[in-house]
Amino acid sequence: GPQTLAPGSLYAPTRQETIKMDKAACNPNLELDDEGLSVTANSNTSTGWRTVLGTRPITSGVRRWEVVLDRITTTANIMIGVCEKGHKLNAYLGQNYTGSSSSAHHGSTSHPGGGGHKGWSYYGATTGFTYHDGKSDSRYGQKMVQGDVIGVILDLNEGTLAYTRNG
C-alpha cells in the first residue's frame, strides 16, 4: 500500500476517474445522492467521525480523481484519502488501525470514533494536515475552503499518495 505522501507536482498526468461512493459502506449519518457521486453530512452534528468508502477497490496502478467541495460549514472536518477495505465507518482515515487487507479503497470522512484499518488522508479543516496511523503532519498543504477541487493521485506501483488543491 502507499507509504509516502508527496506533493502532487511530482506526478505525470494520469487518467482522471469518476469515483462512486458505496451506499453499503456509508456511515448512516451521511447521505449519498442516487448516483453515489455526492455525499452530504446530515443535520446530526454530534455523531463523531463519518466515513464513506468507494464502490470498488484499487489494487494496482496509478489512479487520479477529484473531490469538489461544493459546500463547507464553519465546523466542517473534511478528510479525503484512501483506506483498506474493512475501515470502520465511524473512524477517520488515518486513525490508528487493526487488521490488514491487500487493497485500497478511496473514501472521504466528514469527524472521534474507534479505530479502523489502515488509512491515509488529507485533513483540510485546519492547515492541511495529513494523517496516517494516528499521526499528523501539518507541513503538507493548505486549508480547504468552499469551492476547492482536491485532486488525489494514488500510485500503488510506487507506494505513494499525493494531493493537489485547485490544480
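## Basis of the values

The model is predicted: local features need pLDDT of at least 70, side-chain atom pairs count only at pLDDT 80 or more, and totals for chains, interfaces and linings use all residues. Residues are numbered from 1 along each chain as its sequence is written, and side-chain values use heavy atoms, with hydrogens and water left out.

## Salt bridges

A salt bridge here is a side-chain nitrogen of Lys or Arg within 4 Å of a carboxyl oxygen of Asp or Glu. The count by this rule is four. One of them joins the side chains of aspartate 34 and lysine 23, at 4.0 Å from N to O. Lysine 23 belongs to strand S2 (residues 21–26), while aspartate 34 sits in the loop between strand S3 (30–32) and strand S4 (39–41), so the pair ties together parts that are 11 residues apart in sequence. Strands (E, at least two residues) and helices (H or I, at least four) are DSSP runs, numbered from the N terminus.

Residues are sorted by relative accessible area: buried means under 20%, exposed over 50%, and partly exposed in between (1.4 Å probe, protein chains only). Aspartate 34 is exposed at 72%, and lysine 23 is partly exposed at 47%.

Another salt bridge links arginine 64 and glutamate 66, with an N to O distance of 3.6 Å. Arginine 64 is buried, at 13% relative accessibility, whereas glutamate 66 is partly exposed at 41%. The side chains of aspartate 133 and lysine 135 also form a salt bridge, at 3.8 Å from N to O. Of this pair, aspartate 133 is partly exposed, with 26%, and lysine 135 is exposed, with 56%.

## Strand S7

Strand S7 covers residues 79–84; six of its six residues are buried, so the strand is largely enclosed by the rest of the structure. In a regular strand the side chains alternate between the two faces of the sheet. In S7, Met79, Gly81 and Cys83 point one way, Ile80, Val82 and Glu84 point the other way, and all are buried.

Two strands pair if DSSP finds at least two bridges between them. S7 and strand S9 (residues 119–123) are joined by five bridges and run antiparallel. Methionine 79 has tyrosine 123 as its bridge partner in S9.

Glycine 86 lies in the loop between S7 and strand S8 (104–109). This glycine is partly exposed, with a relative accessible area of 39%. Its C-alpha atom is 9.6 Å from that of leucine 53, a residue 33 positions away along the chain.
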